[in-house]
Amino acid sequence: MKTEQLLQSATQFGSPLFVYDADKISQQYHRLTTAFSKVERLQINYAVKALSNVSILKLFHQLGAGLDTVSIQEVQLGLKAGFAPPTIIFTPNGVSLDEIEEVASLGVQINIDNLSILEQFGTKHPNVPVCIRINPHVMAGGNTNISVGHIDSKFGISIHQLPHLLRIIENTDMHINGIHMHTGSDILDIEVFLYAAEILFDTAKHFKTLDFIDFGSGFKVPYKKDDIETNVEELGIKLSKRFNQFQAEYGRPLTLAFEPGKFLVSESGYFLAKVNVVKQTTSTVFAGIDSGFNHLIRPMLYGSYHHIENISNPKGKERFYSVVGYICETDTFANNRRISEIKEGDILCFRNAGAYCFSMASNYNSRFRPAEVLWYEGKGHLIRERETFEDILRNQIEITF
Ligand SMILES: Cc1ncc(COP(=O)(O)O)c(C=O)c1O
């Protein structure tokens, strides 16, 4: 996106502000469908958790995607955005049987990741098709918090529990129509995907009625200039070939599914915040912005990197800054960052602010959550208003003492 469009958005809608670029989202979607164009039946289910604004979901609907959801509320958002229930997959973790039954009753594809719920669900609803989330025991992902397919992870049914899994299916006579895995986020090496895919193919052979195999997600996007990313084009060539070969052996048409979040929206997002204070101390220069980890928690939560530019002074002389928020705990976005000279009132722009940013925002310190703007066909559209004090008070009940 152009710097003028970002500055215009900040002037028009105020700060802090999330801005998304619809063209980038659609480019990423088409990059993936093109990479896997040799697969006859491909399904890209956008992971709603990454960025769940209903207008973003409508954009994905228009592009032809399905949805990957983890809560009944995400399912409801998807239905509101116009998705047909069978194009939504529900991949929860640790939720109640009641919630799974309620989602199943809407006609959404269920994905179950533990034997206890599988046995209960299969006993009560043997005719509802179910996908199984496998834990392939592969260590993959950018850091331990986002690695979810390893042996100590709470996610999925272990491949070593296959005999028990098959026994439950046989005893309940339930219908399994898909198998799934998701090993983690920020996976750079395509060999990890290909290795885990082989485990999934081996597992798939035990099920005779599959309609789809879901390879989850985990594609790494670039965070810094010249950063490397998952080579989806190469993965597309290699995995498509292997998938088509497996499908021929399996003897039934199969859909290849993915459920990316970051890959589709991370780079489309920009977070704009105003510098309230420039504070020189004995050890550094702090740039204190009108936001904090209540709006963008990823650096504090798992050390993620967001490139920061001073878009009010893009050509200024560079200096080292520590960029911090206004929250009452340590609230650091970046240390020792080279940024063009910052004055109070300047607008800083954080890159890669599309995925897991607004969707993880909170009202901590009783602050309002920011507004969101989607640039679509050359115009910035407000897709969420900035919160007000009424939002802070909503649902609170004052009692009289
Ligand atoms: C089950 C599942 N699928 C898909 C995703 C999306 O992953 P990513 O944003 O890395 O593409 C996640 C992320 O947590 C997930 O847990």
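Here are a few worked exercises on the structure above.

Before you start, note that this is a predicted model, where local features need pLDDT of at least 70, side-chain atom pairs count only at pLDDT 80 or more, and totals for chains, interfaces and linings use all residues. Residues are numbered from 1 along each chain as its sequence is written.

**Exercise 1. Strand β1**

Work out which strands pair with β1, and whether its residues are buried or exposed.

Solution. 
- Step 1: Helices (H or I, at least four residues) and strands (E, at least two) are DSSP runs, numbered from the N terminus. Two strands pair if DSSP finds at least two bridges between them.
- Step 2: look at the pairing. β1 is joined to β17 (residues 371-376) by five bridges, and the two run parallel; Leu17 has Ala371 as its bridge partner there. With β11 (residues 269-280) there are four bridges, and that pairing is antiparallel; here Tyr20 has Gly269 as its partner.
- Step 3: check burial. A residue is buried if 20 or more other C-beta atoms lie within 10 Å of its own, exposed if 12 or fewer, and partly exposed in between, with C-beta atoms placed from the backbone. Five of the five residues of β1 (residues 17-21) are buried, so the strand is largely enclosed by the rest of the structure.
- Step 4: sort the directions. Leu17, Val19 and Asp21 point one way, Phe18 and Tyr20 the other, and all are buried.

**Exercise 2. Helix α9**

Compare the reach of α9 with its expected span, then find what covers its buried residues.

Solution. 
- Step 1: the expected span of a helix is 1.5 Å times one less than its number of residues. α9 (residues 232-250) has 19 residues, and its first and last C-alpha atoms are 25 Å apart, close to the expected 27 Å.
- Step 2: the buried residues are Val232, Leu235, Gly236, Leu239, Phe243 and Gln247.
- Step 3: their cover includes α2 (22-35), α8 (190-204) and β10 (255-258), where contact calls for C-beta atoms, placed from the backbone, within 7 Å.

**Exercise 3. Lys49**

Place Lys49 in the fold and list its contacts beyond four places in sequence.

Solution. 
- Step 1: UniProt, in an unreviewed entry, puts "modified residue: N6-(pyridoxal phosphate)lysine" at Lys49. Such annotations may be inferred rather than shown by experiment.
- Step 2: Lys49 sits in the loop between β2 (42-47) and α3 (54-63).
- Step 3: it has 18 C-beta neighbours inside 10 Å, so it counts as partly exposed.
- Step 4: leaving aside neighbours within four places in sequence, Lys49 is in contact with Val70, Glu74, Gly261 and Ser359.

How values were computed
Contact = placed C-beta atoms within 7 Å.
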